[in-house]
Amino acid sequence: MQLFLPIADIPVNVFLILGMGAAVGFVSGMFGIGGGFLMTPLLIFIGIAPAVAVASVTSHMAASSFSGALSYWRKRAIDPALSLVLLCGGVAGTALGVWIFTLLRSVGQLDLIIALSYVVLLTAVGTLMFLEGARAILRARRGNTTITRRARAQGWILGLPLKMRFKRSKIYLSVIPVLAVGLFVGFLGAIMGVGGSFLLIPIMIYVLRVPTSTVIGSAMVLTLVTMVVATVLHAVTNHLVDAVLALMLMVGGVFGAQFGARAGQRIRGDHLRLLLGLLILSVGVRFAVELVIRPDELYSIRDLGIGG
């Protein structure tokens, strides 16, 4: 059954979009991630313009992170002070990202920048996750399941000024790196249509030493607010948010996430990291191939939506 998307300006198969939403929802539920870094490339692969794909996925990410943030809030697993500082950087980064997004679109370079960003980000993250998962599996086979880690101080981070006490996380830390992380994640979300939790959480845990008990919930709050801001800004400034597309993705994602969560509980953590690394890496490789192969049509005409 075909349905015409008014903003994307192309007809799509309803069951294909619902299936994609369910598949990404399944992956999100299994691995505990937002899934925007998979949804945006999949939409681009089926012919939706990268600008529309990024803008529409932000609304899908906002909706999917709402229930998670609410759940963590009820469990008191969110650090309000940490979330507020992250949001200060995140909202600024989102606004900056939408401005850069609009600028690149006006000069006709947006599609290339989005593709290159995904190639670099996904191949790097996918490779690191795959290698870490493979090492964990090898250690398990050798019978060495424990890793002795020496607690390391944050070094130069500890010496930064403007320190603040985050009571619920029980840390005393400068707000400068927290603002920088929020700024980076917000910027990334506006440009690429990703929530950024798969980067934010490791940075907060391993670099800033934020406890895992509060970092996931605080990351969800950041994703929720920055994706809402990105959706509004994209809709107002670029008019690229396709509500019909976003709604279908949300419906499919809700169903898929339920089954993914159940499947993830039956698979070992190191195997999950290995599978996720392979999945991310494969999408990055696909993007790289798309950039170097010769297209069927050497020229195309596209309305950039600018001008008087």
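**Exercise 1.** At what angle do helix 4 and helix 5 pack, and how far apart are their axes?

*Solution.* The model is predicted, so to speak of local features requires pLDDT of at least 70, and side-chain atom pairs count only at pLDDT 80 or more, while totals for chains, interfaces and linings use all residues. Residues are numbered from 1 along each chain as its sequence is written, and side-chain values use heavy atoms, without hydrogens and water.

Step 1. The angle is about 125°, and the axes lie 7 Å apart. Axes are lines fitted to C-alpha atoms over the stretch in contact, with angles from 0 to 180 degrees between N-to-C directions.

Step 2. Helix 4 is therefore oblique to helix 5; angles under 35 degrees are roughly parallel, over 145 roughly antiparallel, 65 to 115 roughly perpendicular, and the rest oblique.

Step 3. Helix 4 brings F101, L104 and R105 to the contact, and helix 5 brings L110, I113 and I114. Contact means heavy atoms within 4.5 Å.

**Exercise 2.** Find the residues that touch the most other members of the largest nonpolar core.

*Solution.* Step 1. A nonpolar core joins buried Ala, Val, Leu, Ile, Met, Phe, Trp, Tyr and Cys residues through side-chain atoms within 4.5 Å; buried means under 20% relative accessible area (1.4 Å probe, protein chains only).

Step 1. Apart from it lies another core, of 24 residues, including V85 and L208.

**Exercise 3.** State the mean pLDDT of the protein chain.

*Solution.* pLDDT is the predictor's confidence in each residue, from 0 to 100. The mean is 76, and 80% of residues reach 70 or more.

Key:
Buried < 20%, exposed > 50% of the residue type's maximum accessible area, 1.4 Å probe, protein only. Helix = DSSP H or I, 4+ residues; strand = E, 2+ residues; numbered from the N terminus.
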